[in-house]
Amino acid sequence: MKFATKVIHGGLSADPQTGAVMTPIYQTSTYKQDSPGVHKGYEYARTQNPTRGALEANLASIENGKHAVCFGSGLAAQDAVMKLLEPGDEIISTNDLYGGSYRQMMAVYAKYGIKCTFLDMSNLQELKDAINDNTKLIWAETPTNPMLKIIDVQAICDIAKDKGVQVLVDNTFCSPYLQNPLDLGADIVLHSATKYLGGHSDVVHGCLIMKDDGIHDKLRFIQNASGAVPGPQDCFLILRGIKTLHLRVQRACDSAKKIVDFLQGHDAVSKVYYPGLEEHPGHEIAASQMKDFGGMISFDLKKNTQEASYTVLSNTHYFTLAESLGGVESLIGHPASMTHASIPKEDRLKVGLTDSLIRISVGVEDPDDLIADLDKALKTI
Ligand SMILES: *Cc1c(COP(=O)(O)O)cnc(C)c1O
């Protein structure tokens, strides 16, 4: 089955009870048993829900996995993975990791004895040198947020396999349409489904996808034992969003290219970060591991101050100033004070995350209107 067919049909079938073509929202907390222990496979809705089950089957299909496990948010999905670890275990991650992921590792799990180190994972030698006997997990994100650095997923999986370490890839920025890390050797894929999978900025949701039965059993146990499950209505919304994933993301990629061209030619812009640019250091890897270059762009201003970037951010009309990404509407944000405010300033500046850096998530509006909107805002500096 090709991707555009999988988003519609993968893992899904009409409702067996009624024939409803769309997966019903099973808004129930419990299920009737005919006698104790005699039931239709559903006992209590923290443990099993048919709407959630349909979404999990669909997610496994579109990410080329065997299993998917859903959670109430991307960070709840991360939390379940952290619970696979023991005190003394170590994680190696990227030094421009999503701010909320960094915060959970450092402010929640460090005190339970889980150590996290952060490095530039585009430097494979640095990664190799950092792995020690306690390293259990490599936590990669590519393209990274907000610097849009590219990590070679196959290369880090080869290094990890050699050392008996597992690899998780946070695939939120690409969505399964652009990149399938399980095919490149990753053990677990994480999505904040809040972003491209849901795609309409109306639900918070997260999921993990994997091939391995053993990892799946452990995560399924944690999903039920810790209980951070999504409601059936939210699962329905993600299922609905996925049906147009390929159309939305391709449109965002096509418009992003036009916006990048515009920004590169603009007097007020000093640097554009986009993996589709030939001069981007990760361009070739991106071209081989991604189907296209995505809808996320970061750029810096010649006037290198927070005030200049705040002026731009307050003067767009179609680009809404908001956190998050991956919706049908274009968003604009200031990583230093918004998504990455929990990362210490020295660490931020080291990776180029300056006070004037602006990040945009390209939606599905007409690209000419988006460009005119940015042009108008940039003229106000
Ligand atoms: C948003 C995001 C998360 C966290 O997901 P939530 O659904 O907000 O909990 C994790 N990783 C990346 C890359 C994200 O963009």
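For the tour that follows, Ala, Val, Leu, Ile, Met, Phe, Trp, Tyr, Cys and Pro count as nonpolar, Asp, Glu, Lys and Arg as charged, and the others, Gly among them, as polar. The model is predicted: local features need pLDDT of at least 70, side-chain atom pairs count only at pLDDT 80 or more, and totals for chains, interfaces and linings use all residues. Residues are numbered from 1 along each chain as its sequence is written, and side-chain values use heavy atoms, with hydrogens and water left out.

**Confidence**

Begin by colouring the chain by pLDDT, the predictor's confidence in each residue, from 0 to 100. The protein chain has a mean pLDDT of 96, and 100% of its residues reach 70 or more. Helices (H or I, at least four residues) and strands (E, at least two) are DSSP runs, numbered from the N terminus.

**The second largest cavity**

On a 1 Å grid over the protein atoms alone, a cavity is a set of points where a 1.4 Å probe fits but cannot get out, and a pocket is an open set with protein on both sides within 12 Å along at least five of seven lines; lining residues have an atom within 4 Å of a point. Grid points are joined across faces, edges and corners, and a volume is the space filled by probe spheres set on the points.

Select Tyr196, Arg248, Val249, Ala252, Gly326, Gly327, Ser361, Val362, Gly363 and Val364 to display the lining of the second largest cavity. The volume there is about 50 Å³. Helix 10 (residues 245-264) gives the most to this lining, with 3 residues. By class, the lining has 5 nonpolar, 4 polar and 1 charged residues.

**The largest cavity**

Next, select Ala322, Glu323, Ser324, Leu331, Ile332, Gly333, His334, Pro335, Met338, Thr339 and Arg359, which line the largest cavity. About 60 Å³ of space lies inside. Strand 11 (residues 331-333) contributes the most to the lining, with 3 residues. The classes here are 5 nonpolar, 4 polar and 2 charged residues. The count of cavities of 30 Å³ or more comes to 5.

**The largest pocket**

Move on to the largest pocket, which holds about 540 Å³ of space. Of the 20 residues that line it, Asp15, Pro16, Tyr26, Tyr42 and Pro50 are the closest to its centre. The lining has 10 nonpolar, 6 polar and 4 charged residues.

**Aromatic pairs and charges over rings**

Rings of Phe, Tyr and Trp (its six-membered ring) pair if their centres lie within 6.5 Å; planes under 30 degrees apart count as stacked, over 60 as edge-to-face and the rest as tilted. By this rule there are 4 aromatic pairs. Select phenylalanine 3 and tyrosine 177: their ring centres are 5.6 Å apart and their planes stand at 55 degrees, so the pair is tilted. This pair links distant parts of the chain, since phenylalanine 3 lies in helix 1 (residues 3-9) and tyrosine 177 in helix 7 (residues 175-178), 174 residues apart. Both phenylalanine 3 and tyrosine 177 are buried; buried means under 20% relative accessible area, exposed over 50% and partly exposed in between (1.4 Å probe, protein chains only).

Then select tyrosine 102 and phenylalanine 118, a tilted pair at 4.9 Å centre to centre with 50 degrees between the planes. Tyrosine 102 lies in helix 4 (residues 99-109) and phenylalanine 118 in strand 3 (residues 115-119), so the pair ties together parts that are 16 residues apart in sequence. Tyrosine 102 counts as buried at 15% relative accessibility, while phenylalanine 118, at 24%, counts as partly exposed.

A charge sits over a ring if NZ of Lys or CZ of Arg is within 6 Å of the ring centre and within 35 degrees of the ring normal. At lysine 271, the charged end sits over the ring of tyrosine 273, 5.0 Å from its centre.

**Backbone details**

Most residues other than glycine have a negative phi, and most peptide bonds are trans. Select threonine 142 and proline 143: the peptide bond between them is cis, with omega near -5 degrees. Proline 143 is in the loop between strand 4 (135-141) and helix 6 (153-162). The bond from asparagine 145 to proline 146 is also cis, with omega near 5 degrees, and proline 146 lies in the loop between strand 4 and helix 6.

Finish at asparagine 64, a non-glycine residue with a positive phi of about 55 degrees, in the loop between helix 2 (50-62) and strand 1 (67-71).
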